[in-house]
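Hi,

Here is the structure I promised to pass on.

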Amino acid sequence: MLQLITILNRCHRFPGFVYQHARFSSDHKSIVIAVRPRKGSRAICSRCHQPAPGYDQLAERRFEFIPFWGFLVFLLYAMRRVDCRRCQAVVVEEVPWADGKRTLTKAYMLFLARWARRLSWKEPAEAFRTSWDLVFDAVEHVVTWGLEHRVLGQIDAIGVDEIQYAKGHKYLTLVYQIDLGITRLLWVGKERTTESFQGFFTIIGEEIASKIAFVCSDMWEPYLKVIRERCSEALHILDRFHIVAKMNKALDEVRAGESRRMALDGLAPVLKKSRWLLLKRQENLKDEQRFRLRDLLRYNLKSVRAYLLKEAFQQLWDYNSPAWAGKFLDEWCRQVMRSRIEPMKKIARSLRQHRELILNYFRAQKLLSSGVVEGLNNKAKVTMRKSYGFRTYRTLELALYHSLGKLPEPESAHEFF
Ligand SMILES: [Zn+2]
């Protein structure tokens, strides 16, 4: 135990404090390390962060430190109070290992938060014999610090995305930076209204907003409106990923409706279990699925016709020239409008209405790495699954910033693994 104190005093030093002695708790489950102020050092006022004359000392408190050798570890320290002339009050001192009223040390919070980024929040809580609430505190501390200390710099391109996080139309608005050099989550907003997206522009300010050159979004009208207002100079691109997602949704609607109707009419259930056959790209199907798809395509069904239209649409993305892409798009929409398949016609009408924004995809193609928004969207969904069971807005907001924000971390007195 004496050596432990030597090691700590050498490798995990706090200026103005020393580790005094360590002992096992009476149940032998934890190690308690006593800390005291270094002789002659003055206490720091936690309000103005300046040294101040001492006033009195409070009862000893425990601060939980990173566990080691299977033992829980606590620092034991009696906080001093100072009589601060600057603040004209008696204030509790500031200590370098902890933050305000939290019971975990900063080092332990950083440690837990790093594990919580890799695993679900439940796992580190169990592995290190702490609670989910304390893991939440740890992540909150690290994310708050990171948001206060991050540098926004110049932002060339942003992508805005909506994501459903609970039943009953609960959505979040996510804004990503999608520059070639850096992709990260910049902002999380509640709902998917114009107000929620406006919040992002309030945070970054006029100056940064005015320099944004590209904005990627889906066809959600509130977003389109904000982009028109706030980024009128930027090239606004309807993202390929969002268009494909919308088309798949329409196709699924056609298939589900037709399948139900056929069941009611007592027809053979040829559409049963066909969902993924129709939604997946052909090249991603296994051999057996490909045979089944070939079978299915022989039927004269609405679902089959919608599927063929969707597959034909994929060709759009092969064009390099906006003009040729435009011609293809117009022809495709004409065909769909004659199809009498209402969900697909709805898509075609919407594509026609946003024709220019879609063609901007081809105008910007060489300048943006495509698929970025889709990749980030997938990561956001994985993060949401990991916080499953605690799906409040605040939890998700923290989890998303934590795993996708590339935030700076508070510095720690020593580097642990
Ligand atoms: Zn003060």
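A term first: I call a residue buried when its relative accessible area is under 20% and exposed when it is over 50%, with partly exposed in between (1.4 Å probe, protein chains only). Mind that this is a predicted model, where local features need pLDDT of at least 70, side-chain atom pairs count only at pLDDT 80 or more, and totals for chains, interfaces and linings use all residues. Numbering runs from 1 along each chain as its sequence is written, and side-chain values use heavy atoms, with hydrogens and water left out.

Now the zinc ion. Its protein donors (N, O and S atoms within 2.8 Å of the metal, or 3.2 Å for Na, K and Ca; with no water among the atoms, sites may look incomplete) are the SG atoms of Cys45, Cys48, Cys84 and Cys87, 2.3 Å away. The spacing in sequence is C-x2-C-x35-C-x2-C. Cys45, in the loop between strands E2 (30-37) and E3 (54-68), and Cys84, in strand E4 (residues 71-84), are 39 residues apart, so this pair links distant parts of the chain. Cys45 is buried at 0% relative accessibility, and Cys84 counts as buried too, at 2%.

Cheers

Conventions: Helix = DSSP H or I, 4+ residues; strand = E, 2+ residues; numbered from the N terminus.
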